[in-house]
Amino acid sequence: MQLVRPSDVHAASYFEALKSGWSPDNVRGAAAALEELDRIQAHAAGLFRRDGRSRREGTRHARSHRCCLWLGVPIGGTFIVDVTAFTFMALFVARLGAVTSAAHQIAANVAAVMYMLPLATGTAVGVLVAQALGARDFGRARSTGVTGLLLGFGIAAISATLLALGSDRVAALYSSDDRVRDLAASLLVLVSGHHVFDPLQAVNVNTLRGYKRAVVPLMINATGMWIVGLAGGVVIGLTDVPPLRAIGVQAPLGVRGFWIAAIVGMALATLGIVAYFLVASAPSRARAYADLAGVRATSAG
């Protein structure tokens, strides 16, 4: 058997194979063979040539791949920032001993469970926003995003209040060790403060993905969660900071310092992402962005 590059030389044998019952489509069978015969009869001269239409289709596919990468890579980066911020925090906290590490794991586990509801809410809001943008209803897209923001704030306020009031009982569900339970209860109060901002950030990041905006949220999250949250936690949690001693705070702050820095970092990231959403979702700006994307698609097609 020899593989050859299709050319006009093979048109006659290909035509005879189709007439004899062979089909290039195993699913559609004879119907596909008849369509191919009609196409050959209409365009016999250019049967095996790569025409302008096929080149345009290849260009459209390449553009789609680039769009997927442009949106998907920063979305993946945002997940990496989110996960690694807590992963490395746990590694640093492990230096403080078994009791501290156990209490921190309780706090981190509760924070992760509480994050699920705003994450699901943000995913739903992002889908609805993208649907409105596809219909070029930019006002509805913005109002949907604002509604999601208010819903996220409501979730944050209720869940954070319940956690702060019931921190002792939640900690008792995880451990019977008094030292672990007491430290975990104090950390859960800090988790409730962290959760005031976390749902707003989760909802807005997903909303912005509906607008195909993912690079700027990634940069804001990396700044807040890595530089301010994680690096700041290492500084005030593990080192002796003179400014803290100057105001009467005993340093280093230990595991509480990590959570305090995480709260500050999340607050800054949330404020930055909310501000970016309010700017990007303005109907005039969203319409101009959509029109620019349409012009690029037309020129590439």
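Predicted model: local features only at pLDDT ≥ 70, side-chain atom pairs only at ≥ 80, totals over all residues.
Aspartate 137 and arginine 140 are joined by a salt bridge, in which the closest N and O atoms are 3.1 Å apart.

Another of them brings together the side chains of aspartate 177 and arginine 179, at 3.8 Å from N to O. Aspartate 177 is partly exposed, with 30% relative accessibility, whereas arginine 179 reaches 57% and therefore counts as exposed, a term used for values over 50%. There is also a salt bridge between aspartate 178 and arginine 181, with 2.3 Å between the closest N and O atoms.

The discussion now turns to contacts between rings. A pair of aromatic rings is described by the distance of the centres and the angle of the planes. The count of aromatic pairs in this model comes to 3. One of them consists of phenylalanine 92 and phenylalanine 258, whose ring centres are 6.4 Å apart. Why is this pair called stacked? The planes of the two rings stand at 20°, and planes under 30 degrees apart count as stacked. Phenylalanine 92 belongs to helix H3 and phenylalanine 258 to helix H10, so the pair ties together parts that are 166 residues apart in sequence. Phenylalanine 92 is partly exposed, at 22% relative accessibility, whereas phenylalanine 258 is buried, with a relative accessible area of 0%.

Tyrosine 211 and phenylalanine 277 make up another aromatic pair, this one edge-to-face, with 6.5 Å from centre to centre and 70° between the planes. This pair links distant parts of the chain, 66 residues apart: tyrosine 211 lies in the loop between helix H7 (178-210) and H8, and phenylalanine 277 lies in helix H10. Are these two residues buried or exposed? Tyrosine 211 counts as buried, at 6% relative accessibility, and phenylalanine 277 is buried too, with a relative accessible area of 0%.

The last topic is the empty space inside the model. Rolling a probe the size of a water molecule over the atoms shows where empty space is left. A search of the whole structure finds 1 cavity of 30 Å³ or more, and the largest cavity holds about 90 Å³ of space. Which elements give two or more residues to its lining? They are helix H3 (52-93), helix H8 (215-238) and helix H10 (255-280). H8 provides the largest share, with 4 residues. Among the lining residues are Phe86, Met89, His194, Met225, Leu230 and Met266.

Note on methods
Residues numbered from 1 in each chain as written. Heavy atoms only, no water. 1 Å grid on protein atoms, 1.4 Å probe; cavity = no way out; pocket = protein on both sides within 12 Å on 5 of 7 lines; lining within 4 Å. Points joined across faces, edges and corners; volume = space filled by probe spheres on them. Phe/Tyr/Trp six-rings, centres within 6.5 Å; stacked < 30°, edge-to-face > 60°. Buried < 20%, exposed > 50% of the residue type's maximum accessible area, 1.4 Å probe, protein only. Salt bridge = Lys/Arg side-chain N within 4 Å of Asp/Glu carboxyl O.
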